[in-house]
Amino acid sequence: MKFKTINKMKLEFESHSVNEAFARTAISAFITSLDPTVEEISDIKTAVSEAVTNSIVHGYENQIGKITIEGEIKENNKVIIKIKDKGCGIKDVQKAREPLFTTCTTGERAGLGFAVMESMMDKIKVNSTYHKGTTVTMEKIINSKDNENV
């Protein structure tokens, strides 16, 4: 069943680490019309943070590139968020989604980004082309008190 789009947004910013907090704030402001619980906001902000951090740290490594966030609210209170970069891409998406797997050799990364995203969201899809970029699409149903009004 296809649900009607209620609202959409698109935001582009550079892959500076300070913009991870900006992305979290922007997406939480976008979903406020659904009256999400504090836990729902926290889950979405954490998942967005992980995806944006992956783009900054792994996608662009030590260079600056563009990161795009697209948000969509559907009539059934489904929130769809896409985080896109045009960085180095992921060689093996299935391997990258395994908990504790990391390409970081400095020991600073735990390799839990995708596992965290999956635990916070209802659905996650990762599309990546090596040397061309990655798109992470996440979905979550907001179970607010007012969802029958949307």
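Valine 52, leaving aside its neighbours within four places in sequence, is in contact (heavy atoms within 4.5 Å) with Phe13, Glu20, Ala23, Ile67, Ile69 and Ile83. The residue belongs to helix 2; helices (H or I, at least four residues) and strands (E, at least two) are DSSP runs, numbered from the N terminus. Valine 52 counts as buried at 0% relative accessibility, where buried means under 20% relative accessible area, exposed over 50%, and partly exposed in between (1.4 Å probe, protein chains only).

The model is predicted: local features need pLDDT of at least 70 and side-chain atom pairs count only at pLDDT 80 or more, while totals for chains, interfaces and linings use all residues. Residues are numbered from 1 along each chain as its sequence is written, and side-chain values use heavy atoms, with hydrogens and water left out.

**Overall architecture**

The protein has four helices and five strands, and from the N terminus on its elements run β-α-α-β-β-α-α-β-β. Of its 150 residues, 41% count as buried. Among contacts with a separation of 6 or more, 67% are accounted for by residues 24 or more positions apart. The accessible surface comes to about 8600 Å², and 49% of that surface belongs to carbon and sulfur atoms; these areas come from the Shrake-Rupley method with a 1.4 Å probe, and for residues only the protein chains shown count as cover.

**The sheet and the helices on it**

The five strands form an open sheet in the order 1-2-3-5-4, with antiparallel pairing; two strands pair if DSSP finds at least two bridges between them. Strand 1 and strand 4 stand at the edges with a single partner strand each, so one side of each is left without a neighbour in the sheet. From one strand to the next, the twist averages 10 degrees; axes are lines fitted to C-alpha atoms, for helices over the stretch in contact, and angles run from 0 to 180 degrees between N-to-C directions.

Helix 1 lies across strand 1, strand 2 and strand 3, and runs at about 170 degrees to strand 1. Helix 2 also packs on the sheet, where it touches strand 1, strand 2, strand 3 and strand 5, and its direction makes about 15 degrees with that of strand 3.

**The nonpolar core**

A nonpolar core is a set of buried Ala, Val, Leu, Ile, Met, Phe, Trp, Tyr and Cys residues joined through side-chain atoms within 4.5 Å. The largest such core has 30 residues, and those with the most contacts inside it are Val48, Val52, Ile69, Ile81, Ile83 and Met138. Elements that give two or more residues to this core include helix 1 (19–31), helix 2 (38–59), strand 3 (78–85) and strand 5 (133–141). Helix 2 gives the most, with six residues. In soluble globular proteins, nonpolar side chains tend to be buried together.

**Strand 5 and its partners**

Seven of the nine residues of strand 5 are buried, so this strand is largely enclosed by the rest of the structure. Strand 5 is joined to strand 3 by eight bridges, the two running antiparallel, and pairs with strand 4 in the antiparallel sense over seven bridges. Isoleucine 124 stands opposite methionine 138 of strand 5. In the hairpin of strand 4 and strand 5, which has three residues between the strands, histidine 131 takes a positive phi near 70 degrees.

Threonine 134 stands opposite aspartate 85. Not counting residues up to four places away in sequence, threonine 134 touches Ile83, Lys84, Asp85, Gly89, Ile90, Val126, Asn127 and Ser128. Glutamate 139 is the bridge partner of isoleucine 80. Leaving aside neighbours within four places in sequence, glutamate 139 is in contact with Lys78, Val79, Ile80, Met121, Asp122 and Lys123.
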